[in-house]
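Thanks for coming. Please look at the model on the screen, and I will go through a few of its local features.

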Amino acid sequence: MASHRKQVPTLKSLSKRQWMKITATAAAISLLAGVGVISRTFYVSANPVAQVTEYSATDSNALDVSRGTSRDALNGETSYITVKINGQSRVVLGTDFTDVKSVLDAGDITLESNDTVSPSLTTKVDESTVITIERAGAQLETSDESIAFNVVKKETSDLPAGTEKVETEGEEGVMETTSLVTRAGDKVVSSNIFASYVKKAPVDKVILVGTGSTSSSSSSSSSTSTDIGTTVPAGEMQQWAHDYLIANGYTEADFTATVYIITHESGWRVNATNASSGAYGLPQALPGSKMASAGSDWATNYQTQLKWFWMYCASRYGSIQGAYNYWIANHSY
């Protein structure tokens, strides 16, 4: 009887020519796999993933990155802990968190006598911890406050000496503030700022100051005016900053650079707080406790915050104007 079983080739039955084809195919597959691994390694080394380290209080959504991703990482192991106060969430950034109390201290969150905290102050925390604070009788209230614009004077040879011309009209900015307010009837018992940010940055009023011998309309005034100009001090904080800088060997341009950055970062609010990241104070330090290197009263003293800001500018960018130039190019520092 004839056998109709299909003949299945075995390894022993393969011809030399078939063995050569199998070997060549296996070598090609190995080569392709090796090239893929090498290509991926090269791409990763050539395109490192930038780590987000800082946030700005100037973004309307309070989420955009500030100061650029090129800044040095924070010292120590950075932790991110979520704190909810009456349902309002905020992320507190810090290093070496141990318990709930250490998180609240880093976030400059003060507890009142009738507050309830969960978990307890001594509870150990990690990045999955959510701290909940219920403040009896308190409500979240949001308000807008105006931010005064600054007057900047720029010299130009396109105008006769002694004459001035307004190049840009000033516009007030808007600071949005969210506060936890406790009321007894119509009387406000307490009001604590929970978060604030520059909703709309003010626009400087720019005045061109003539230095030329004769008037000329043949060239653009902006081409001959100085880049940074001179800001006229406005308010107690700016006046102190101006006097301090000049007395310590800085220039008018350094003062103007200071005014520009602080205005756009915090609107000159000492307790300006970014609800998303916890960046704090005039310079939006992250975390705010970093400013303790300039003084223990860093949370409330504008002079301490400004001194830290100037030290940071010198350390990171070489000068205040160096930080200003970076801000102009990147809209952050």
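I start with a pair of side chains: Lys200 and Glu171 meet in a salt bridge, at 3.7 Å from N to O. A salt bridge here is a side-chain nitrogen of Lys or Arg within 4 Å of a carboxyl oxygen of Asp or Glu. Before going on, note that this is a predicted model, where local features need pLDDT of at least 70 and side-chain atom pairs count only at pLDDT 80 or more, while totals for chains, interfaces and linings use all residues. Residues are numbered from 1 along each chain as its sequence is written, and side-chain values use heavy atoms, with hydrogens and water left out.

Where do Lys200 and Glu171 lie? Lys200 is in strand E9, residues 187-200, and Glu171 is in the loop between strand E7 (164-168) and strand E8 (173-184), so the pair ties together parts that are 29 residues apart in sequence.

The structure holds two salt bridges. The other pair is Asp105 and Lys101, whose side chains meet at 2.9 Å, N to O. These two residues are four apart in helix H2 (residues 100-106), so about one helical turn separates them. Asp105 is partly exposed at 45%, and Lys101 is partly exposed at 44%. As background, side chains of opposite charge can pair when their charged atoms come close.

Next, the backbone. Asp108, in the loop between H2 and E3, has a positive phi of about 55 degrees although it is not a glycine. Gln284 also has a positive phi, near 55 degrees, and is not a glycine either. Is Gln284 buried or exposed? Gln284 counts as buried, at 0% relative accessibility, and sits in the loop between H5 and H6. That loop also holds Pro287, which a cis peptide bond joins to Leu286, with omega about -5 degrees.

Now the packing. The largest nonpolar core has 32 residues, and Leu282, Leu306, Phe309 and Trp310 touch the most other members. Such a core is a set of buried Ala, Val, Leu, Ile, Met, Phe, Trp, Tyr and Cys residues joined through side-chain atoms within 4.5 Å. Which element gives the largest share of this core? It is H6, with eight residues. In general, nonpolar side chains tend to be buried together in soluble globular proteins.

Last, H6 (residues 302-317) and H7 (residues 320-330): their axes come within 7 Å and cross at roughly 75 degrees. The axes are lines fitted to C-alpha atoms over the stretch in contact, with angles from 0 to 180 degrees between N-to-C directions. H6 and H7 are therefore roughly perpendicular to each other; angles under 35 degrees count as roughly parallel, over 145 as roughly antiparallel, 65 to 115 as roughly perpendicular, and the rest as oblique. Residues in the contact include Trp310 of H6 and Tyr326 of H7, where contact means heavy atoms within 4.5 Å.

Conventions:
Buried means under 20% relative accessible area, exposed over 50%, partly exposed in between (1.4 Å probe, protein chains only).
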